[in-house]
Amino acid sequence: MAVVSTSLVGGAAVTSQLTQFSGLRKSFLKLDSSNSNSSQSFFQNVDSHLRLASSNKGCRGVVTMAGSGKFFVGGNWKCNGTKDSISKLVSDLNSATLESDVDVVVAPPFVYIDQVKNSLSDRIEISAQNCWTGKGGAFTGEISVEQLKDLGCQWVVLGHSERRHVIGENDQFIGKKAAYALTEGLGVIACIGELLEEREAGKTFDVCFQQLKAYADAVSSWDKIVVAYEPVWAIGTGKVASPEQAQEVHVAVRDWLSKNVSAEVASKTRIIYGGSVNGGNCAELAKKEDIDGFLVGGASLKGPEFATIINSVTSKKVAA
């Protein structure tokens, strides 16, 4: 699969833009306003470099992804479902026709993980929605990584905004969870994202970079980490970041990884978007080069719609 990178391609013109990121510019703060001329110029510049890079290849299908990994779609079922409704959802997913070049993961509530694992097609992997910081023991209400592995989980979602802002988990605690899960062989869907007031204050990048740093300080390898950018103001609200808003943050996140971890990690790490993703908006979001997939909430509870989101990978396929 041929790939091109918006954060690494195009030389100094693009790099100079990225190195100036210190917080989301005021022109991006109004959620219902169009992007500024300067932002349009930036993305036009990026697009021109993408076209130049593609023109050097033969006339064949390519996938415009800045990351080198496979498209990734996760379904976070949160605290939803009954045995009967989950049986129906699993049946819908088992009968769906899914594109082959997508990694698909679902995260059922803890009490239904075993049911889903025993009935869902092996085509879709299983994630937990949380885990403890170490081995099990006298930790009432917690779930250990070892228990998750015993049930057949391959992934865990960590750092979700509902864990941060409702439960009160801080960056360092989340980083500790991630480090332990990775050492025990689970993949980590590492969530980051800003509150509405943080975006309005121009602190989007500051917040996301601080959350990224907590992961980077704790983990020894990024091989099994997928970063999920989920602006808190877009989660479950019906509001969704525009493709341009999401792309800008994803570019900045990849640039941060390149500067603070390594260029290899920046290229390999998949950066997915979450926040009111649905069957109607996924295709336009998927077209953006640095959006490597999605973490889906409510729409993942509807089998046919979730399949549509998974299959939005086709929006990335263009004729070079």
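In the predicted model, helices H3 and H13 lie oblique to each other. The axes of H3, which spans residues 83-95, and H13, which spans residues 303-310, come within 8 Å and cross at roughly 40°. An angle under 35 degrees would count as roughly parallel, and one from 65 to 115 as roughly perpendicular; the pair is therefore classed as oblique. The crossing of H3 past H13 is right-handed. On the side of H3, the contact is made by Leu89, Asp92 and Leu93, which meet Gly303, Pro304 and Phe306 of H13. These residues comprise 4 nonpolar, 1 polar and 1 charged.

Two packed helices are described by the angle between their axes and the distance between the axes. From H9, the residues Thr204, Phe205, Cys208, Phe209, Leu212, Lys213 and Ala216 take part, and they meet Glu248, Val249, Ala252, Val253 and Trp256 of H10. The contact of H9 with H10 divides into 9 nonpolar, 1 polar and 2 charged residues.

The chain as a whole contains 13 helices and 10 strands. Of its 320 residues, 53% are buried. Among contacts between residues at least 6 apart in sequence, 76% join residues that are at least 24 apart.

In soluble globular proteins, nonpolar side chains tend to be buried together. In this model, the largest nonpolar core has 69 residues, and the members that touch the most others are Val73, Val106, Tyr273 and Phe294. Helix H10, residues 243-260, gives the most to this core, with 6 residues. A separate core of 11 residues includes Ala107, Trp155, Val226 and Ile272. When residues up to four places away in sequence are left out, Val106 touches Gly75, Trp77, Leu93, Val116, Leu120, Ile124, Glu125, Ile126, Ser127 and Phe306. Among these partners of Val106 are Leu93 and Phe306, which also belong to the contact of H3 with H13.

Val261 is located in the loop between H10 and helix H11 (263-268). Because its relative accessibility is 31%, Val261 counts as partly exposed. Beyond its neighbours within four places in sequence, Val261 is in contact with Ala216, Trp222 and Trp256. Two of these partners, Ala216 in H9 and Trp256 in H10, also take part in the packing of those helices. Trp222 is 39 residues from Val261 in sequence, and their C-alpha atoms are 9.1 Å apart in space.

Most residues other than glycine have a negative phi. In Lys78, by contrast, phi is near 55°, a positive value in a residue other than glycine. Lys78 is placed in the loop between strand E2 (71-76) and H3. Ser276 also has a positive phi, near 60°, and is likewise a residue other than glycine. The loop that holds Ser276 runs between strand E8 (270-273) and helix H12 (282-286). Ser276 is buried, because its relative accessible area is 19% and the cut-off for burial is under 20%.

How values were computed
Residues numbered from 1 in each chain as written. Predicted model: local features only at pLDDT ≥ 70, side-chain atom pairs only at ≥ 80, totals over all residues. Heavy atoms only, no water. Axes fitted to C-alpha atoms, helices over the stretch in contact; angles between N-to-C directions. Helix = DSSP H or I, 4+ residues; strand = E, 2+ residues; numbered from the N terminus. Parallel < 35°, antiparallel > 145°, perpendicular 65-115°, else oblique. Left-handed = near helix turned anticlockwise from the far one by under 90°. Contact = heavy atoms within 4.5 Å. Nonpolar A, V, L, I, M, F, W, Y, C, P; charged D, E, K, R; others polar. Core = buried A, V, L, I, M, F, W, Y, C linked by side-chain atoms within 4.5 Å. Buried < 20%, exposed > 50% of the residue type's maximum accessible area, 1.4 Å probe, protein only.
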